Amino acid sequence: MPERGDAIVRHVVTFGRVLREVGLEVGPGRTIDALRALDAVDLTRQEDVYFSLRQTLVSRHDELDLFDRAFLAWFLRAPVMPPARSSGVTQPAARAVAVPVDRLEEGADEQADGDPIELGASAHELLREKDFAEMTPEEFRRIRRLMQAIARLRPRRSSRRRQADPRGNLIDMRRLVRRSLRTGGEPLERAYRSRKEVPRKLVVLCDVSGSMDAYSRALLLFLHAVVGSGRGVEAFAFGTRLSRLTPDLATRDPETAIDRCTEAVVDWGAGTRIGASLKQFNDVYGRRALTRGAVVVIVSDGWERDDPDLVGREMARLARAAYAVVWVNPLKGNPEYQPLAGGMRAALPFVDRFLPGHNLRSLEELAAVLAGIERRHAA
Amino acid sequence: MTRRRADVRRSAGRGRGWSHRGPLLERGAGGVAAAGTEAATARGGTRGSRHRGYAASVSFRTIDELEAALRDADYLPDRGLSTALFLALALEKPLLLEGEAGVGKTEAAKSLATALGARLIRLQCYEGLDVAHAVYEWNYSRQLLHIRAAQEGTVSEDELFGAEFLIRRPLLEAIDSEEPVVLLIDEIDRADEEFEAFLLEVLSDFQITIPEIGTIRARRRPAVVLTSNRTRELHDALKRRALFHWIGHPSIEREIDIVRLRVPGIPERLAAEAAAFVRELRGLDLSKPPGVAETIDWAMALNALGRQEIDADVVQQTLGSVLKYREDIEAIRDETLQQLVDAAKAGSH
């Protein structure tokens, strides 16, 4: 018996290592759970062994595929098929391994960034107004700080959590009762609390198709800053289909983040299928209620290659679930611009705010709009 | 030198743990293993913790036993889910269930409670859920009345903040319960992250501190089932503490079985065709593909209409119990609907 037990322990420990290699986080705690689980089930039933290991070693739906392949290879010695990319949504798990390396570099980057920005006010002003399409990489580096500051102005919602606040508008019953002990049950001395404000969910969908090429780099930098502003932000890129960028943007260094996004987005600079991408978003993420109560920002020029009607339908679905929808169109920076593109026209009825996004000034405007946005359309 | 010594000692300690399997493989009330039985029974599954056994009044020695009990509770789990529920009991760990809406996450917890003969306590999460609604609250109006009623004669704070004035919410109720409990924390992903962090604390210690009263420890650890619709990722710490199971849509055979179990007296053919039709629907590109719950609702409707089988007309009339979005209902019309009905009939025989 002990030999058999040892063999199992060895198997599971090595299997844990295999899983770590493909990018799953398997700590010693999980390995111990797996061993305890195997001890509780009938080892002669392959199905029970499979589920026991899966339920103790995996904690995310998008890791199941990786686990299955590792299980097949390790326990069943079966030939392994190349990973099936069934849906258009990229799976973050496999890439997650690289994170610690970037974390190491953060310190260095921060020091370099810590230098005061050597820009006179007037130079700043010029950069503020300069069209992103005309900026040099050096200029992008200089506006990074400003972008971060803008990104921090997130829309907020009031939470149900409360804090003691003498100027608050909610009565603090617990303290009131305690104080009225002194006054024979008369609540003479009032205590107040107020609701805490927390950031509202923010979802940004960024068009990275060919027609947006000149702006996508700047907008990705902005997305990176927004994702770095705290929890509750989800970022996506789309061209002909949708890619989730949140995990890629979650590194501190903007250059690394952008490199990763470039890898993650397969159809960079290709055509635009806004309707199909929105549909994919609604189907996959909307169903998981990511949109509910969120401010959704779409960054696109509205050039739809396919059916503009689909854009309208999917915008309607999106707008029903979202708290508010903001459309940012860099072309709107041109005073001559008119929203004539079919996709843009179809989308506009469902857009709460329509803004330009061609320079830093317009991003500031966006941030101000986001900070004060209110639900306008009917629920 | 001393440092190296400490390292050696630590690794020796670990080696003991691995090879003897004793301290690592302790089990809950229900878990006697098929493998390594001698060692297990010799150790007798004692837990040196302050908790008195596990929540169940009934316990299950094998997955099959639990499966049979769930079946008696009118729930047909697949092997993966029974394994998950079994392990949650055997390892005394919370179980996190994820899956599309309508695959029976909540139902699984309810049936587990029935199977265990335990009380089900449910905490429905929502944005802004706070301690006052999840754990406890003081009954302020009663407290004020009490102070006034005492008139002369002073009321002490202790008296005022005693058990009598405490409103117990689900978490406190579950921890302080005398009877065995299954605690269902439903749609945890809807709660704020601050609340999730708090929950993590409760789930690791199974104790709640009320400043005015003190710390209340669980007499019996409740069996805990968490469900999530994945509107956001949960904290890693919470996931690390829990077993994880993803529930997919059931196989067609299982779904027919579920329908026949839940809709007593339904003609066999109707059950098969309804399940097959719903499966066809899931293969389409819908805003919300129907879950098992919808299949059951729909089968009930069809059965109530006295149908023996489905046809395009009756599907058209009753489609609202399967599809919940106008776009989806509009997408399934005329030829599409007839094709689906034909496919379902072909697939169910």
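These legends go with close-up views of a predicted model.

**View 1. The six-stranded open sheet of chain A.** Reading across this open sheet, the strand order is β6-β5-β4-β7-β8-β9 (chain A), and the pairing is mixed. β6 (242–244) and β9 (353–355) of chain A sit at the edges with a single partner strand each, so one side of each has no neighbour in the sheet. From one strand to the next, the twist averages 20°. Zoom in on β7 (residues 295–299) and β8 (residues 324–328) of chain A: they run parallel and are joined by five bridges. One pairing to pick out is A:Val299, whose bridge partner in β8(A) is A:Val328.

**View 2. Two helices on the chain A sheet.** Helix α9 (residues 213–227) of chain A lies across β4 (202–207), β5 (233–238) and β7 of chain A, and its direction is at about 165° to β4(A). Helix α12 (residues 274–286) of chain A also packs on the sheet, where it touches β4, β5 and β6 of chain A. The direction of α12 makes about 45° with that of β6(A).

**View 3. Where chain A meets chain B.** Here 44 residues of chain A are in contact with 50 residues of chain B. On the chain A side, the elements giving two or more residues are α1 (2–21), α2 (28–40), α3 (46–57), β1 (156–164) and α8 (173–180) of chain A. Which of them gives the largest share? That is α2(A), with eight residues. By residue type, the side of chain A that touches chain B splits into 17 nonpolar, 12 polar and 15 charged.

View 4. Of its 349 residues, 41% are buried. Among contacts in chain B with a separation of 6 or more, 76% come from residues 24 or more positions apart. The largest nonpolar core has 107 residues, and B:Val182 and B:Ala274 are those with the most contacts inside it. Helix α13 (residues 268–282) of chain B gives the largest share of this core, nine residues. Apart from it lies another core, of 68 residues, and A:Phe132, A:Phe238, A:Ile274 and A:Leu278 are among them.

**View 5. Helix α13 of chain B, up close.** With 15 residues, α13(B) reaches 21 Å from its first C-alpha to its last, close to the 21 Å expected at 1.5 Å a residue. Is this helix largely enclosed or left open? It is largely enclosed by the rest of the structure, because 11 of the 15 residues of α13(B) are buried. Among them are B:Leu270, B:Glu273, B:Phe277, B:Arg279 and B:Leu281. The buried residues of α13(B) pack against α12 (252–262), α14 (292–304), α15 (312–318) and α17 (334–347) of chain B. Follow B:Ala274 in particular: leaving aside its neighbours within four places in sequence, it is in contact with B:Val259, B:Thr295, B:Trp298, B:Ala299, B:Leu302 and B:Ile310.

View 6. Six of the six residues of strand β8 (residues 223–228) of chain B are buried, so the rest of the structure largely encloses it. In a regular strand, side chains alternate between the two faces of the sheet. In β8(B) both faces are covered, with B:Ala223, B:Val225 and B:Thr227 buried on one side and B:Val224, B:Leu226 and B:Ser228 buried on the other. Strand β1 (residues 95–99) of chain B pairs with β8(B) in the parallel sense over four bridges, and B:Glu98 has B:Ser228 as its bridge partner. Strand β5 (residues 181–186) of chain B pairs with β8(B) in the parallel sense too, over four bridges. There, the bridge partner of B:Val182 is B:Ala223, and B:Val182 is also one of the residues with the most contacts inside the largest nonpolar core.

**View 7. Two positive phi values in chain B.** Most residues other than glycine have a negative phi. B:Glu187, which is not a glycine, has a positive phi of about 55°. It lies in the loop between β5 and α10 (193–205) of chain B, and B:Glu187 counts as buried because it has 20 C-beta neighbours inside 10 Å. B:Phe206 also has a positive phi, near 50°. The loop that holds B:Phe206 is between α10 and β6 (207–210) of chain B. With 22 C-beta neighbours inside 10 Å, B:Phe206 counts as buried.

Conventions
Residues numbered from 1 in each chain as written. Chains lettered and ligands numbered in written order. Predicted model: local features only at pLDDT ≥ 70, side-chain atom pairs only at ≥ 80, totals over all residues. Pairing = 2+ DSSP bridges. Axes fitted to C-alpha atoms, helices over the stretch in contact; angles between N-to-C directions. Contact = placed C-beta atoms within 7 Å. Core = buried A, V, L, I, M, F, W, Y, C linked by C-beta atoms within 7 Å. Buried ≥ 20, exposed ≤ 12 C-beta atoms within 10 Å, placed from the backbone. Expected span 1.5 Å × (residues − 1). Nonpolar A, V, L, I, M, F, W, Y, C, P; charged D, E, K, R; others polar.
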